[in-house]
Amino acid sequence: MSQLVFTPLEEIDKIHAELRTGYESGKLKSIEYRKYQLLQLGYLVKDNSQRIQEALAADLGRPPLESHFLEISSSIGDIKHAYSNVEKWARPEKPAFSLNFTVMRPVIYKEAKGVVLIISPFNYPVWLTIGPVAGAISAGNSVVLKPSELTPATSSLLAELIPKYLDSDLVRVVNGAIPETTKLLSLQWDHIMYTGSGRVGKIVATAAAKYLTPVTLELGGKSPVIIDPDCDLTTAARRILWGKVVNAGQTCVAPDYILVPKSFQDKFVEALKLAHESFYPKSADPSLPANYSRIITPQAFKRIKGLLDNTQGDVVFGGQTDEATKFIAPTVVKDVKADDSLMSEEIFGPLLPIVPVEDVDEAIAFINARDHPLALYVFSQNAHFKEKVFNNTQSGAAIANETVIHPGAEGLPFGGVGPSGYGAHTGKFSFDTFTHLRSSLDSPGWIDRILGFRYPPYTDSKFKAAMRLLPSLPARPAGPPAVAARTKWWGRWFFLAFVVAVAGGLTNRLKTMRGSS
Ligand code: NAD
């Protein structure tokens with residue numbers, strides 16, 4: 001195992017001060033310089049993709065395909081997106097026209113927040129560091145990056161490569177564990193982005209409160225999947241199982257548990273078995289390192305195995321574990337009850353409990369009785385079903401017929417709600433997270449011919465002039481509106497059928513008229 005060299009505690013103040021000086025140098029006011037740094041970051045990943053892949057294999061036993069698809073490719077994608085759009089994002093914006101203020105030339109400037117701290121977790125230690133760093137640079141900030149101590153090979157590699165590719169006045173790595181992070185959190189930052197568990201999220205938010213530092217918390221939790229029997233069952237089973245086995249289930253948006261109608265549970269289990277057989281034929285046994293990731297630490301292995309050992313559900317397949325290699329096989333457990341060990345916390349491992357419910361209403365109530373998840377998945381071919389679930393629940397993301405890949409979807413924010421976190425990142429949302437929207441006016445002197453009433457002494461005529469500016473409201477409502485009934489799916493289809501019928505009728509009539517003329 002690689003030895004991770006921790007940053008000496010006494011150096012952390014110095015790094016913080018040097019980055020403040022770097023920020024104040026104004027280098028990153030230049031969009032060209034930001035783009036140069038972004039491109040350097042892109043080449044850091046591209047030139048070293050083989051070493052990155054090897055580091056991820058050393059830390060997580062990760063198969064190369066998973067590292068390329070979920071970390072290397074998505075990091076380069078994020079950087080390229082920021083590189084191509086930073087000019088547009090950073091351009092000052094004019095607000096919507098306002099008769100009252102237009103002569104004061106209102107403008108919104110996009111300004112860097114300053115010196116920011118990014119703390120990242122172990123599970124995607126490249127994408128969840130490189131992506132936020134790209135966002136912070138594109139917005140013009142200087143950055144301290146604190147990678148996870150649980151991925152020593154990857155965190156060492158980042159500490160080696162970042163000074164080679166990026167301007168050390170602007171981006172630095174601090175490696176370490178709790179004492180180093182605690183030291184970092186004792187300092188004043190202009191923004192902190194933390195990705196990890198809710199437990200540590202509370203520590204970060206509490207430390208940030210001391211300086212009123214804005215915080216983005218990207219947390220986790222139990223992301224449920226609701227199965228509608230009217231789904232594409234083969235695709236559903238493959239996508240759900242893949243979402244669970246990739247990185248051995250150590251994914252913040254992994255499907256955590258399944259809610260399925262009781263009468264459909266066995267059919268769904270059969271589809272999962274087929275998906276499992278197709279993913280792992282004899283030649284691709286998951287116990288072989290080339291095919292499947294390992295659990296990050298012996299402690300995490302014990303925790304996940306404990307959840308499995310204590311379940312009252314029926315293991316359908318999997319269940320094999322090996323402490324020496326931190327291997328836990330992809331495992332599906334059916335007939336799991338709400339008070340089961342597998343439902344007691346975020347699993348963050350390759351165990352998939354199936355909780356049978358009566359119907360979609362019970363599934364919705366089950367989700368609403370728990371913390372808002374980071375992702376909520378629905379597998380259904382029925383628009384009404386999907387709409388019902390999404391309209392009656394809250395979650396960071398609402399995803400139909402897919403799992404895990406939505407954080408990589410360009411243009412969509414990635415973030416939680418309530419206990420799954422606050423704030424968002426990726427693409428423009430990362431730029432916005434690290435940007436201060438600075439309002440500006442430039443008021444001409446002649447305005448006082450209209451606004452002069454504001455100055456004392458306050459007289460009756462000035463009061464009347466002020467009253468003339470009182471905005472008028474729309475007419476007083478007669479009473480509360482009727483609660484709008486949600487559009488019924490069959491209503492839309494009926495409307496569409498009506499339009500098609502009318503169009504068909506018209507076409508026939510035209511044909512008849514042509515034929516008779
Ligand atoms: P973690 O909270 O244990 O560690 C994350 C970071 O916090 C590390 O850099 C670590 O050094 C630091 N840290 C740990 N304990 C600390 C303490 N007491 N004081 C200060 N800093 C401390 O998280 P993890 O185990 O690396 O990641 C797993 C969690 O992260 C899961 O809950 C998962 O769902 C969540 N996660 C969320 C997202 C997202 O984007 N929302 C992405 C990945 C992981």
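The ligand lies between domain 1 (9-219 + 426-438) and domain 2 (223-415), because both domains give residues to the shell around it; the domain bounds come from an automatic or database domain assignment. The model is a predicted one, in which local features need pLDDT of at least 70, side-chain atom pairs count only at pLDDT 80 or more, and totals for chains, interfaces and linings use all residues. Residues are numbered from 1 along each chain as its sequence is written, and side-chain values use heavy atoms, with hydrogens and water left out.

The shell around the ligand comprises 26 residues, of which Glu 149, Tyr 194, Ser 197, Leu 219 and Glu 346 come nearest; a residue is near a molecule if one of its heavy atoms lies within 4 Å of it. By class, 14 shell residues are nonpolar, 8 polar and 4 charged, where Ala, Val, Leu, Ile, Met, Phe, Trp, Tyr, Cys and Pro count as nonpolar, Asp, Glu, Lys and Arg as charged, and the others, Gly among them, as polar. At least two shell residues are supplied by each of helix H7 (178-185), strand E5 (191-195) and helix H8 (198-209). Helices (H or I, at least four residues) and strands (E, at least two) are DSSP runs, numbered from the N terminus.

Separations between polar atoms were computed for several residues. An N or O atom in the side chain of Ser 197 is 2.8 Å from an oxygen atom of the ligand. A polar backbone atom of Phe 122 lies 3.1 Å from a ligand oxygen atom, and a polar backbone atom of Glu 218 is 3.5 Å from a ligand nitrogen atom. The protein buries 91% of the 840 Å² that the ligand exposes when taken alone (Shrake-Rupley method, 1.4 Å probe).

Two backbone features were also identified. Most residues other than glycine have a negative phi, and most peptide bonds are trans. Arg 105, in the loop between helix H4 (64-90) and strand E1 (107-112), has a positive phi near 50°. Pro 456 and Pro 457 are joined by a cis peptide bond with omega of about 0°; Pro 457 is found in the loop between helix H15 (448-451) and helix H16 (460-468).

Definitions and conventions. Polar contact = N/O pair within 3.5 Å; in protein donor to acceptor, adjacent residues only side chain to side chain.
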